[in-house]
Amino acid sequence: MDIFGVPIQALMGQVLIGLINGGFYAILSLGLALIFGLLNIINFAHGAVYTAGAFVAWLLLEHLGIGYWGALLFAPGIIALIGIFLEKTVVSQIYRQDHLYGLLLTYGMALIIEGGFRQVYGVSGIPYNLPAALSGGVNLGFMYLPIYRGWVVVVSILVCFSVWYVIERTKLGSTLRAATENPALTKSFGINVPRLITLIYGLGVGLAAFAGVLAAPIYQVNPLMGSNLIIVVFAVVVIGGMGSIMGAILSGFLLGIIEGLTKVFYPPASHLVIFIFMAAILLIRPAGLFGRKQ
Amino acid sequence: MNQANLSTPVANPRRGSLQRTLLTVALILLACLAPTVLYPTFLMKGLCFALFAMAFNLLIGYVGLLSFGHAAFFGAAAYIVGHALKVWGLPVELALVIATLSSAFLGTIVGWLAIRRQGIYFAMITLALSQVVYFVALQAPQTGGEDGLQAIPRGYLFGLFDLSDSMVLYYVVLAIFLACFFMMQRIVSSPFGEVLRAIRDNEPRAVSLGYQVDHYKLLAFTLSAGLSGLAGALKAIVFQIASLSDVHWHASGEVVLMTLLGGIGTAMGPVVGAFTYAALQNYLAPFGSWVFIIQGVVFVLCVLVFRDGIVGLLGRIRNRIGFN
Amino acid sequence: MNNISPTKTPVLKVENLEAWYGESHILHGMSFDVREGEVVTLLGRNGAGKTTTLRSIMGIVETRTGTIEINGKSALSVPAHKISPLGIAYCPEERGIYKSLTVRENLMLPPVIAPGGMSVDEIFDLFPNIAERLNSGGGNLSGGEQQMLAIARILRTGCRLLLLDEPTEGLAPVIVQAIGRVLKMLKARGYTILLVEQNFRFASTVADRHYVVEHGQVIDEIANSDIGRESARLHEYLGI
């Protein structure tokens, strides 16, 4: 069976890869949006944190014998703690400065993290084995689905939805939204906004690290795995706007799928399509798909 | 960026301007004599970086726009000059003009898209668009892929000066650099430069005063892109290579670092930052990935402790010891 | 200045308060106090520094010197989020209803600082409009509803000292009357209120004392009972 001359197997395979990448885009842009909302900083280190997530997973396995399931829990936890420490000691120093300094500071942090992994582990990838329970695949009739890939898609959607739920539907979420909208007034109610800021930075980088662990078995563990990703995620954020959590999630998945489809129909443009899409959005809706006019 | 205007007021303007002229003459003399002490190639690298940082500084220092995609203009011009010299066999001066204009044109397109958003969005958009140029350079058949364009012939300037002689090339690069430096000083002190600063300090106010802010931003962006292109083209001629590292976003980060390190929004900052960075890079070359780590540390330190860069630091020291 | 303060202990004491917005120096030695159970107003023209005084007390304006004591504890050098727990709650001039929160979320946002705050049911009795609109977005309320909500949400907290910044500004007369009833009820229940008001006639119906503010200083103090006698002086201050 063909669609536009493309076998449906190949098409669905690329859509699946698109959904996986879209899941990573969504988780990362979600974290960026959360952090930007409260800290007014674009966390350039987000890609490096994703890389660090994958490395920590591998290190846990290599040195402590902690496998995939443990890593899924501990790697984001460890990195969230490091993030909290860095927010308290370094990042919080520049909240009063222009936004651009936040970008430059976190860019510097990204260089340090990635350079460190490069120096120690080199640029060639380190394989990370699939957990036994998720290896293999099932034949769905119209396509062959590797179980791990299906798992990543499901987990990404679950994680994104959970974060959305916490932010939009819980008391903690309403406090976070309040602190994002009007931090000074929120403090005047006796709400500890500085602690929320720290918490959100921890949550944001924890999410990025979680994505890194999910990615480790698919793409090898590589010091540069996050650095190109972050640029794509920036484009996603420009397209989606950072005002809405759902916007960040939907744009992430949408662009992942668009990228996957481009790989089927016109492979040379697959790396470019998101950027071209971004340019088109800037022409048609300068504030972004979900953004309000600044 | 409010922190950008850091120039300390000069106590006595006449004495200040005389001092400045003498200092300028001394620096030019120094630059002319420098190749007797330092490698011309190193000096030329510094000058190309300085030109690049100066072009970048026009945007961040005088308009308050942080472009994180300037490698696109630097690198594209490097490829174009390489192609023009190597494949088309054009004369150097023509190749340089074509490369510079191409980058300026590219800058017009990128700028036209990016000025639709402000602040960090602007930075993210320029970064994303520069990635398009990177992927084109990676995939296009003319660019040599991973190898880049190698053995670019230097040729003869105006058919007279043999640029394969590094000393000759050095003086040509120096002359171009100085011309651009003084042109930049003219630009930032012109009425056009005044408007740019007004936009930087308070954009809504500039709009309400009736300025077509977007036109000014776009013109500044185009100028900056063109000069970045000239810097990239010169670098390609000096090193006879145009490669992916010239268009990679790390190079965009490097020019930010040079400008920040030297002092954003100052005349000499980008020059000081560029030479410091070139020296640092040479020194760190044998240490592998330490380059990135050190770069990162310098970024963090600059942002945290000296946002006004080396030039600002020197100014503060000068003020403290009361020497004016 | 004739001393007409009642003898009760001050729950809010401001002495020699100076405050800055960036480079501009707004308060030049504000001094006044508010005693338990009193309703005190700050009167003055636009730009006199009344709102800045409230914002300085709450730590929203951070650059400030002098003395601020709330229930006997200094509020000057504590982080902004630790000021409200001293027993004070603030209703800003712009009302500060969060657009990204529902009415219910806005109402429930401020944490309870002390026991004895109003229950949600009491609040609904007092402001029936709020009960009807619990699930709408904060941005969809009318000006009057926003004002009601802004007052309602701080009544839940148990704070007994309330700072209200122009609660009647821009509202229809019927709503102004309703707010007046609420303030009188609060006074009857023993709340202490510092009120910034442009609407002098409204202020005179609820207040015990008035401070006149000009150029970031208190220049006069008038008891509400003397208001008839002092009206000429007041008109001169306020330019009405």
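Predicted model: local features only at pLDDT ≥ 70, side-chain atom pairs only at ≥ 80, totals over all residues.
## Where chains C and A meet

Two elements of chain C, helix 2 (103-108) and helix 5 (143-155), each supply at least two residues of the side that touches chain A. Sorted by class, that side of chain C has 15 nonpolar, four polar and four charged residues.

The contact draws 23 residues from chain C and 19 residues from chain A. About 1800 Å² is buried between these two chains, and carbon and sulfur atoms give 57% of that area. On the chain C side, C:H81, C:Y98 and C:L109 lose the most area to chain A, and together they make up 35% of what that side buries.

## Salt bridges between C and A

Charged pairs also join in here, as the rule finds two salt bridges across the interface of chain C and chain A. One of them pairs A:R177 with C:E105, and the closest N and O atoms of this pair are 2.8 Å apart.

Over all chains, a search of the whole structure finds 17 salt bridges.

## Where chains A and B meet

Which of the two pairs of chains in contact share the most contacts? That pair is chains A and B. Their contact takes 44 residues from chain A and 43 residues from chain B. The area buried between chain A and chain B is about 4200 Å², with carbon and sulfur atoms giving 74% of it.

How many salt bridges does the rule find across the interface of chain A and chain B? The number is zero. Polar contacts are present, though, with a count of six residue pairs between chain A and chain B, both residues at pLDDT 80 or more. On the side of chain A that touches chain B, the elements giving two or more residues are helix 4 (99-121), helix 9 (227-240) and helix 11 (273-284) of chain A. Helix 4 gives the most, with 15 residues. By class, this side of chain A divides into 29 nonpolar, 13 polar and two charged residues.

The remaining pairing is quickly told: no contact joins chain B and chain C. Their closest C-alpha atoms lie 13 Å apart.

## A closer look at chain C

Now for chain C itself, which has eight helices and ten strands. The C-alpha atoms of chain C fill a box of roughly 50 × 40 × 35 Å along the principal axes. A compact globule of 240 residues would have a radius of gyration near 18 Å, so the 17 Å of chain C agrees with that expectation.

Chain C is divided into two parts: domain 1 (1-87 + 162-240) and domain 2 (95-159). Taken over C-alpha atoms, the centres of these two domains of chain C are 23 Å apart.

## How the two domains of chain C touch

Within chain C, 17 residues of domain 1 are in contact with 14 residues of domain 2. The area buried between these domains is about 1300 Å², of which 73% comes from carbon and sulfur atoms. In domain 1 of chain C, the residues that lose the most area to domain 2 are C:L162, C:V182 and C:Y191, which together account for 30% of what that side buries.

The rule finds one salt bridge across this domain interface. C:E122 forms a salt bridge with C:R189, with the closest N and O atoms 3.1 Å apart. As for polar contacts, the count between domain 1 and domain 2 of chain C is two residue pairs, both residues at pLDDT 80 or more. Strand 7 (161-165) and helix 6 (173-188) of chain C are the elements that give two or more residues to the domain 1 side. Helix 6 of chain C gives the most, with six residues. Twelve residues of this domain 1 side are nonpolar, two are polar and three are charged.

Note on methods
Residues numbered from 1 in each chain as written. Chains lettered and ligands numbered in written order. Heavy atoms only, no water. Domains from an automatic or database assignment. Contact = heavy atoms within 4.5 Å. Buried area = accessible area lost by both parts, 1.4 Å probe. Salt bridge = Lys/Arg side-chain N within 4 Å of Asp/Glu carboxyl O. Polar contact = N/O pair within 3.5 Å; in protein donor to acceptor, adjacent residues only side chain to side chain. Helix = DSSP H or I, 4+ residues; strand = E, 2+ residues; numbered from the N terminus. Nonpolar A, V, L, I, M, F, W, Y, C, P; charged D, E, K, R; others polar. Rg over C-alpha atoms; globule rule 2.2 N^0.38 Å.
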